Amino acid sequence: GYPGDVYESPWASFKPKGGPPWKVGFSNNQASLYGTGVLNGIKKQVSANPDQVSDVVALTPAKPNDVTTQIQQMRSLLQQDVDIIFALLSSPTALNAVIDQAAKQGVPVISIAGQSTSKNAINLQPNPTHLGYYGAAGLVNAMGGDGGNVLIVQAIPGLTYNTQVLD
């Protein structure tokens, strides 16, 4: 049921370039409550482990799902010598080159939402196909199975995660 290819991770035996404290990058493709919540969660973990992280550099394009700006911002994170990048990706393929660039620099990119097709990405997310299926099944069950009308409200049309949930 997982909607993408699963590869053996090139990060399976990864060792950071140096010891802590590390510099964390966060590339957010959308100015939304979800992205804000993810960033707040990262900052909460940093606060709980202050000797592990020196800084969190978070960048968000002004327009949601702005692939070109997200690529530029991820390159900026690499120029700022982050040790890891957590990302909400805006495209399954358009960010592959910058993810591969990060891998060449020894910087793992962990996609929290939005799947990348790069073998160098670490896609860490729930199975969106199951989320869509079980959400729809619960709705149909609650409606009594007798039919009816359903209004579907999408997040940001075109985002990988959004499309996979609806599939």
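Here is a short chat about how this predicted model is put together.

Visitor: What should I know about numbering and cut-offs before I start?
Guide: Residues are numbered from 1 along each chain as its sequence is written, side-chain values use heavy atoms, and hydrogens and water are left out. This is a predicted model, where local features need pLDDT of at least 70, side-chain atom pairs count only at pLDDT 80 or more, and totals for chains, interfaces and linings use all residues.

Visitor: In what order do the elements of the chain run from the N terminus?
Guide: Helices (H or I, at least four residues) and strands (E, at least two) are DSSP runs, numbered from the N terminus. Reading from the N terminus, the order is β-α-β-α-β-α-β-β-α-α.

Visitor: What share of the chain's residues is buried?
Guide: Buried means under 20% relative accessible area, exposed over 50%, and partly exposed in between (1.4 Å probe, protein chains only). Out of the 167 residues in the chain, the buried share is 36%.

Visitor: Which strands pair with β1, and over how many bridges?
Guide: Two strands pair if DSSP finds at least two bridges between them. β1 is residues 22–28, and five of its seven residues are buried, so the rest of the structure largely encloses it. On the β3 side, V24 stands opposite I84, and the parallel pairing of β1 and β3 has five bridges. On the β2 side, S27 has L59 as its bridge partner, and β1 pairs in the parallel sense with β2 over six bridges.

Visitor: Which side chain does the side chain of N28 make a polar contact with?
Guide: N28 also belongs to β1; N28 stands opposite L88 in β3 and is buried, at 4% relative accessible area. A polar contact is a pair of N or O atoms within 3.5 Å; within protein, one must be able to donate a hydrogen and the other to accept it, and residues adjacent in sequence count only if both atoms are side-chain atoms. At 3.4 Å, the partner of the N28 side chain is the side chain of T60.

Visitor: What is the handedness of the crossover from β3 to β4?
Guide: β3 (residues 84–88) and β4 pair in the parallel sense over four bridges, with F86 standing opposite I110 in β4. The chain gets from β3 to β4 through helix α3 (residues 96–104), and a crossover is right-handed if, with the strands pointing away from the viewer, the path from the first strand over the helix to the second runs clockwise. This β-α-β crossover is right-handed.

Visitor: What is the bridge partner of S111 in β5?
Guide: β4 (residues 109–113) is mostly covered, with five of its five residues buried. β4 and β5 (residues 121–123) pair in the parallel sense over three bridges. In β5, S111 is partnered by N123.

Visitor: How far is the C-alpha of P64 from that of S32?
Guide: P64 is in the loop between β2 (53–59) and α2 (67–79), and it is partly exposed at 47% relative accessible area. Along the chain, P64 and S32 are 32 residues apart, and their C-alpha atoms are separated by 8.5 Å.

Visitor: Which residues form the nonpolar patch on the surface?
Guide: L139, in helix α4 (residues 128–142), counts as partly exposed at 39% relative accessibility. Accessible areas come from the Shrake-Rupley method with a 1.4 Å probe, and for residues only the protein chains shown count as cover. Together, about 270 Å² of accessible area belongs to the patch of L139, V150 and I152.

Conventions: Patches are made of residues with over 30% relative accessible area and no salt bridge: like charges are joined within 9 Å, nonpolar side chains (Val, Leu, Ile, Met, Phe, Trp, Tyr) within 5 Å. A salt bridge is a side-chain nitrogen of Lys or Arg within 4 Å of a carboxyl oxygen of Asp or Glu.
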